[in-house]
Amino acid sequence: TSVSVTYFSQDKFFELDQEKRIWWGKDGNNMPRLKRFLSEVKQGRVPQTLWLYGEVGHTQEAKKELVALVDFPNSDAVFDTPKPTRLIRQMLRLGSSSDSGDLVVDFFGGSATTMQAVMDQNAEDSGNRRCILVQLPEPLQGGTEALGTIGEIGRVRVRNPISNLGAKADLATMASTDLGFKSFRLAPSNFKQWRGDGIDSADQLAEQMKLFAKSEKEGVAVEDMLYELLLKFGQELTTPVETLQVADGQVFAIHDRKMLFVLASFTEAMTVPLVAMKPREIIAIDGVFKDSDMLKTNLDLQCRDAGIRFTCL
């Protein structure tokens, strides 16, 4: 066991003793120790090894928190041992600060207790912590079609605290204007993957070429394609995306409109406004041109003249 020893001159020691800053033990006959106040210690109090449930909550409290936010189809689907948000918030107070933009990562997201704790702690101390949760789509015992995996529990749970924090806002405690979250599922690519094996004749090659007249798969959502392309072009999933109405079509822009994504539709009327925005790059999928080589070629030439990189997928 290590013992911390502080040395004082005799006069300083008597001065501290007169100020009741020396502790002689419960019965007054122990080794004298210096009293320290929280205001004098930069890092605050050293956390105790044992955290009592009165300070950090317990499992029953955690289950009540979870049931209040998620409408479970039956009792079998409720988690048996969720963690209380007070426990995670205690960890956040010790391991993060309110003004550093700390990133909290939980690779076993479960019922999203960590996300709720981060939002609640940010609301309390006006913090700007961010949070990433990762959870496998593990089937939920007694689940339903609407709430069938553990990941879906987390998504439902996170939505409700956001609404609650907004409802609690008043003149003393203002609600944050950027409360929200993005949820992604691991899925196959939204674009067709070329397979050259098994093609033994010109007819088979021609048939394969027909299948790839459009690069995207049938029925894929525009938003899904957008986020996949963000990743493939080296962008972060948290990149702010601006949705623009250009002529009679929809365009997605990032980085102050330096990169434009044309994924929904394209018409001739969009060419001049797009080029006039002077982006660094325009990325489009071939399907928006609806087999019109003239439209695609015209946009390509206009981009070259303006020094804009044009990519067609």
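**View 1. Strand β8, helix α10 and strand β9 make a right-handed β-α-β unit.** Helix α10 covers residues 293-306, and β9 covers residues 309-312. Helices here are DSSP runs of H or I with at least four residues, strands are runs of E with at least two, and both are numbered from the N terminus. "Right-handed" means that, with the strands pointing away from you, the path from the first strand over the helix to the second runs clockwise. β8 and β9 pair in the parallel sense over four bridges; to count as a pair, two strands need at least two bridges found by DSSP. Look for A284, whose bridge partner in β9 is C312. You're looking at a predicted model, where local features need pLDDT of at least 70 and side-chain atom pairs count only at pLDDT 80 or more, while totals for chains, interfaces and linings use all residues. Residues are numbered from 1 along each chain as its sequence is written, and side-chain values use heavy atoms, with hydrogens and water left out.

**View 2. β7, helix α9 and β8 make a right-handed β-α-β unit too.** Strand β7 (residues 259-262) pairs with β8 in the parallel sense, over four bridges. Helix α9 takes in residues 271-276. To find your place, spot M259, which stands opposite E281 in β8.

**View 3. Strand β8 (residues 281-284) is covered on both faces.** In a regular strand the side chains alternate between the two faces of the sheet. Here E281 and I283 sit on one side, I282 and A284 on the other, and all of them are buried. Buried means under 20% relative accessible area, exposed means over 50%, and partly exposed is in between (1.4 Å probe, protein chains only). Across the whole chain, 33% of the 313 residues count as buried.

**View 4. The largest nonpolar core has 32 residues.** A core like this is a set of buried Ala, Val, Leu, Ile, Met, Phe, Trp, Tyr and Cys residues joined through side-chain atoms within 4.5 Å. Among the residues with the most contacts inside this core are F261, F266, I282 and F289. Elements giving two or more residues to this core include β5 (242-246), β6 (249-254), β7 and β8. The biggest giver is α8, with five residues. Zoom in on F266: leaving out residues up to four places away in sequence, F266 touches T271, L274, V288, F289, L295 and L299. Contact means heavy atoms within 4.5 Å.

**View 5. F289 and F310 form an edge-to-face pair, because their ring centres are 6.5 Å apart and their planes are at 80°.** Rings of Phe, Tyr and Trp (its six-membered ring) pair if their centres lie within 6.5 Å; planes under 30 degrees apart are stacked, over 60 edge-to-face, and the rest tilted. F289 lies in the loop between β8 and α10 and F310 in β9, so the pair ties together parts that are 21 residues apart in sequence. Both residues are buried.

**View 6. F13, F14 and W24 form one aromatic cluster.** The structure holds six aromatic pairs. One of them is F13 with W24, edge-to-face at 6.0 Å centre to centre and 90° between the planes. F13 is in helix α1 (residues 10-18) and W24 in the loop between β1 (22-23) and β2 (33-34), so this pair links parts that are 11 residues apart in sequence. Buried or partly exposed, what is F13? F13 is partly exposed, at 22% relative accessible area, and W24 is partly exposed as well, at 31%.
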